[in-house]
Amino acid sequence: MSRRQILGVSIEALPSSFSEPLSNILSTKAKEQNQKNNIHFIDGQFLYFAKELFTSLQNANISVKSISIQFPDPWRRKKHEKRLLVQPKLVGMLADVLPIGAVVYFCSDVEAEVKRMDSVFCKNEQFVTGEPTKELYPFVSVPTERTLVCENMHRAVWTGMAQKRGVSM
């Protein structure tokens, strides 16, 4: 049985080069750092290269089982809505590339943002939403740094999950 591969995407900068498949870049970075672990990080705005990332992973026979969207900026002003990460365009692209049963976990310390993300996934007929479970998303009980900060400040963290239809939640 193969180990679960974990890819983190930082939203701080765009990748420096798209001249080779991202799966090759990740593999090269792991070799350069003499790593044998299964956790990799790349920099970039996910919306700008998500389609290429999934194509590259599919070409390398790597299947995505889950995606985590943790604490995206809520962009509360109407004029900034176009900057929101979870939008119908992203959800549609995920519906096209994720295998049946794959899950998208999302969380925020802004309740309205979690409700909004849930609503966007609900509007796509290929997803069903619900509460995260450890069976479907094994990292549900693993806190992020932001979660720990929220707990220390006595702030709530709301969570949600969408699953590609074909397997019941």
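**Thr147 and beyond**

Mentor: Let's start with a polar contact: the side chain of Thr147 reaches the side chain of Thr144 at 2.8 Å. Keep in mind that this is a predicted model.

Trainee: Where does Thr147 lie?
Mentor: Thr147 is in helix α5, which covers residues 145-152.

Trainee: And is Thr147 buried or exposed?
Mentor: Buried, because its relative accessible area is 13%, under the 20% cut-off.

Trainee: Which residues does Thr147 contact once you skip its neighbours within four places in sequence?
Mentor: Phe71 and Val157.

Trainee: OK, let's zoom out. How many helices and strands does the chain have?
Mentor: Five helices and six strands. Going from the N terminus, the order is β-α-β-α-β-α-β-α-β-α-β.

Trainee: How much of the chain is buried?
Mentor: Buried residues account for 36% of the 169 in the chain.

Trainee: What about the largest nonpolar core, which residues touch the most other members?
Mentor: That core has 26 residues, and the ones touching the most other members are Phe54, Ile67, Leu94, Leu98, Val104, Phe121 and Phe127. At least two core residues come from each of α2 (46-59), β3 (66-70), α3 (88-97), β4 (103-108) and α4 (111-122).

Trainee: Take Phe54, then. What does Phe54 touch, not counting residues up to four places away in sequence?
Mentor: Phe46, Val64, Ile67, Met93, Leu94, Val97 and Leu98. There's also a second, separate core of seven residues, including Val103, Tyr137, Cys150 and Met161.

Trainee: Why is α3 described as largely enclosed?
Mentor: Because seven of its ten residues are buried. Those are Leu90, Val91, Gly92, Met93, Leu94, Ala95 and Val97.

Trainee: What covers the buried residues of α3?
Mentor: The cover includes α2, β3, β4 and α4, along with strands β5 (127-130) and β6 (158-164).

Trainee: Last topic, aromatics. How many aromatic pairs turn up?
Mentor: Four across the whole structure. Take Tyr105 and Tyr137: their ring centres are 4.5 Å apart with the planes at 5°, so that pair counts as stacked.

Trainee: Where do Tyr105 and Tyr137 sit in the chain?
Mentor: Tyr105 is in strand β4, while Tyr137 is in the loop between β5 and α5, 32 residues apart. Both Tyr105 and Tyr137 are buried.

Trainee: And Phe106 with Phe121, how are those rings arranged?
Mentor: Stacked as well, because the planes are at 0° and the centres 5.7 Å apart. Phe106 belongs to strand β4 and Phe121 to helix α4, so the pair ties together parts 15 residues apart in sequence. Phe106 is buried at 0% relative accessibility, and Phe121 is buried at 0%.

Trainee: Which residues do ring pairs link into a cluster?
Mentor: Tyr105, Tyr137 and Phe139.

Methods: Residues are numbered from 1 along each chain as its sequence is written. This is a predicted model: local features need pLDDT of at least 70, side-chain atom pairs count only at pLDDT 80 or more; totals for chains, interfaces and linings use all residues. Side-chain values use heavy atoms; hydrogens and water are left out. A nonpolar core is a set of buried Ala, Val, Leu, Ile, Met, Phe, Trp, Tyr and Cys residues joined through side-chain atoms within 4.5 Å. Buried means under 20% relative accessible area, exposed over 50%, partly exposed in between (1.4 Å probe, protein chains only). Helices (H or I, at least four residues) and strands (E, at least two) are DSSP runs, numbered from the N terminus. Contact means heavy atoms within 4.5 Å. A polar contact is a pair of N or O atoms within 3.5 Å; within protein, one must be able to donate a hydrogen and the other to accept it, and residues adjacent in sequence count only if both atoms are side-chain atoms. Rings of Phe, Tyr and Trp (its six-membered ring) pair if their centres lie within 6.5 Å; planes under 30 degrees apart count as stacked, over 60 as edge-to-face and the rest as tilted.
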